[in-house]
Amino acid sequence: MDSLSSAQIQTQNLSFLKTLNKGNNCKPAHFKSCVRVASTRQVLDKISLSDTFLWNNLIQTHLTDKDPQNALSIYHQMLLRGVRPDKHTLPRILTASRLSGNLTFGKQVHGHALKLGFSADHYVISALIDLYGRLDGIDSANWIFVKSDKSKSNSVCWTMLARLYLMRNKPSLALDLFHQMVDLGAHVDRVALATVIGACGMLKSMQEGRKVHSIARKCGLEFDVLVSNSLLKMYIDCGSVEDARAIFDQMPSRDVISWTEMIGACVKNGSFSDSLKLLRQMVKDGMKPDAVTFSSVLPACARIAAHKLGKEIHAYLLRNGIDFNIMVQNAVMDMYVKSGFIQYASNVFVGMKERDVISLTVMILGYSLHGQGELGINLFREMENDPSIEIDQFTYAAVLHACSTAGMVEEGRLYFNRIRAPKVTHCALMVAILARTGLFNEASIFVQEHHIERHPEILRALLDGCRIHKEVHLGKRIIEQLCELEPLNAENYVILSNWYAESAKWDMVNQVRETIKDMGLEPKKAYSWIEFRNKVHVFGTGDVSHPRSEGIYWELQSLMNKVEDEGLKLVSDFRLHEVDEERECTQIGHSEMLAVSFGLISTQAGTTIRVTKNLHICHSCHYFAKAISKIVKREIIIKDQNYFHHFKDGFCTCEDF
């Protein structure tokens, strides 16, 4: 390239500075960046403009400030001034071309690399692989890799190509590439290991994961934090929390990612107490949890028994200035919904400066679960026209659930018809809406039109309607269909047994009981639990093992006498219970009533009683809980498999559905 005259350089300098300082409008957030750029320009004005090092720094400054267009502009000016790019310039400009999506400019830079003799440089090759792989396709990137002999010994190039395969959801090709790399004796570094371990996790291949783990051990990189964190995630993705925990416990040093991965794994595995212990240990070890950590652990608090810790975490977030972003706010809101504090969840939702579809879905479903379906529908109506929120299938499922809770049939039809490709879950919710309101003929037509007669979800939705409307014959037929569809599901036989018990057909109850035993099935036993003074008290049906059993039963009998004195009569129905619960146990011996009674005799007057049951609450206990709430003038919240029942002043938020 011909050199320029002094006059030409001076003219172009002025043009260059005008371009870079266009508008001179540095925003406060970018003030430091502007200062750095201005300082660099001042240096360039004072020394030789052929100093490539300074040009490279100026280009890097723009890349750091996420301004690839200006980086490309500077490169253009650099060429006009006759400054020769070096092997450090070209990778930066290739990166700027990729970031700006300018493949044409990138190809021109590729040509410069060939002319200047830098096409075999490791950094240039890896930048070219990245450029072509992202903007032109994986085949082009692979062509660059294959054509360059020197890339075979460079782990950066191998890793770059492997990452591109992962981005294209081709983890098996990334794994094959890694094994080729090892066979050819290329240097294996921590980034290469982390990349291929990620491929094993995507494939959910424990066998391949263990092979790579062994290679990491041989390379002495097993306990490098990046590699260990990758192994943690891989074992979790492959379903082995035990292997992940073994890695975690052996790590000589851990970062926030390590703790967060392990905490999240425990939560997903249902080991809530372990996740909370890990959080406490993390803080004790001096590691500060971040927003992702709290988003991972909050689901462990989304239970009535852990609501106090959930509140403490929320307070900690507010006190310590943790990034209270939308992801964390959604997690806090979900925690309050599932631990029984719908008003707290609503307060969080109202206070959010921005909301997404998850925020909307959590709140609609929350209102529905707490018997406030109409509020959920109203919320959806308010926000469905918000252009920033894209309604998805999960939101529509929440809306249909709310329609079912509120008994809003027309709205249910309207929203179901908006779903482009309804899944069985949506259909089951629509059937539930129709069956719960007694529209069995329409429900039957709907089921036939959608060809969903053989789905247990659909049959259970119909059965729920039969229970509500006392459709005994239809209910029996549905139960028999369930037993036929799921012959090894003990719960179906329990329902059948309860149905016979409802009709006092004890010989049939015994027959079903024998069938369950002969098939070796184990029905779920009914349990309820309540937290008191940081201890969870668990009750089974007819339980007399609690130290305060005498007082518990005495309280229940006294309350039942008061109910009968008021002329109220308890009723029974067929429900999902332990086989002999209806037959051999009085209503005051049901697990939820024992837990409620314990709460009444253990807490001060006016305190809300919060109980969780692993199965459905039966009709009799539901009726009894309403009566108790009126007699003792307390709110009683019982969470069963499907709903939060808020009993207050003799009423329930589910309106007896």
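User: How many aromatic pairs does the rule give?
Analyst: The structure is a predicted model. Rings of Phe, Tyr and Trp pair if their centres lie within 6.5 Å. By this rule the count of aromatic pairs is twelve.

User: What is the geometry of the aromatic pair formed by Phe-145 and Trp-158?
Analyst: The centres of Phe-145 and Trp-158 are 4.9 Å apart, with 75° between the planes. An angle over 60 degrees counts as edge-to-face. The pair of Phe-145 and Trp-158 is therefore edge-to-face.

User: Which helices hold Phe-145 and Trp-158, and how many residues apart in sequence are the parts that the pair ties together?
Analyst: Phe-145 belongs to helix 8 (residues 138–147), and Trp-158 belongs to helix 9 (residues 155–167). The pair therefore ties together parts whose separation in sequence is 13 residues.

User: Is Phe-145 buried or exposed, and is Trp-158 buried or exposed?
Analyst: Buried means under 20% relative accessible area. Phe-145 has 4% relative accessibility, and Trp-158 has a relative accessible area of 2%. Phe-145 therefore counts as buried, and Trp-158 is likewise buried.

User: What kind of pair do the rings of Tyr-336 and Tyr-344 form?
Analyst: The ring centres of Tyr-336 and Tyr-344 are 5.3 Å apart. Their planes stand at 80°, so the pair is edge-to-face.

User: What are the relative accessibilities of Tyr-336 and Tyr-344, and which residues form one aromatic cluster with Tyr-336?
Analyst: Tyr-336 has 4% relative accessibility and so counts as buried. Tyr-344, at 36%, counts as partly exposed. The aromatic cluster that contains Tyr-336 also includes Phe-341 and Tyr-344.

User: Over the face of which rings does Arg-254 lie?
Analyst: Arg-254 is 4.2 Å from the ring centre of Phe-248, over its face. Arg-254 also lies over the face of another ring, at 5.2 Å from the ring centre, and that residue is Trp-259. The rings are those of Phe-248 and Trp-259.

User: Which residue in strand 3 is the bridge partner of Ser-528?
Analyst: Strand 1 is also joined to strand 3 (residues 609–613), by two bridges, and these strands run antiparallel. In strand 3, the bridge partner of Ser-528 is Lys-613.

Key: Residues are numbered from 1 along each chain as its sequence is written. This is a predicted model: local features need pLDDT of at least 70, side-chain atom pairs count only at pLDDT 80 or more; totals for chains, interfaces and linings use all residues. Side-chain values use heavy atoms; hydrogens and water are left out. Two strands pair if DSSP finds at least two bridges between them. Helices (H or I, at least four residues) and strands (E, at least two) are DSSP runs, numbered from the N terminus. Rings of Phe, Tyr and Trp (its six-membered ring) pair if their centres lie within 6.5 Å; planes under 30 degrees apart count as stacked, over 60 as edge-to-face and the rest as tilted. Buried means under 20% relative accessible area, exposed over 50%, partly exposed in between (1.4 Å probe, protein chains only). A charge sits over a ring if NZ of Lys or CZ of Arg is within 6 Å of the ring centre and within 35 degrees of the ring normal.
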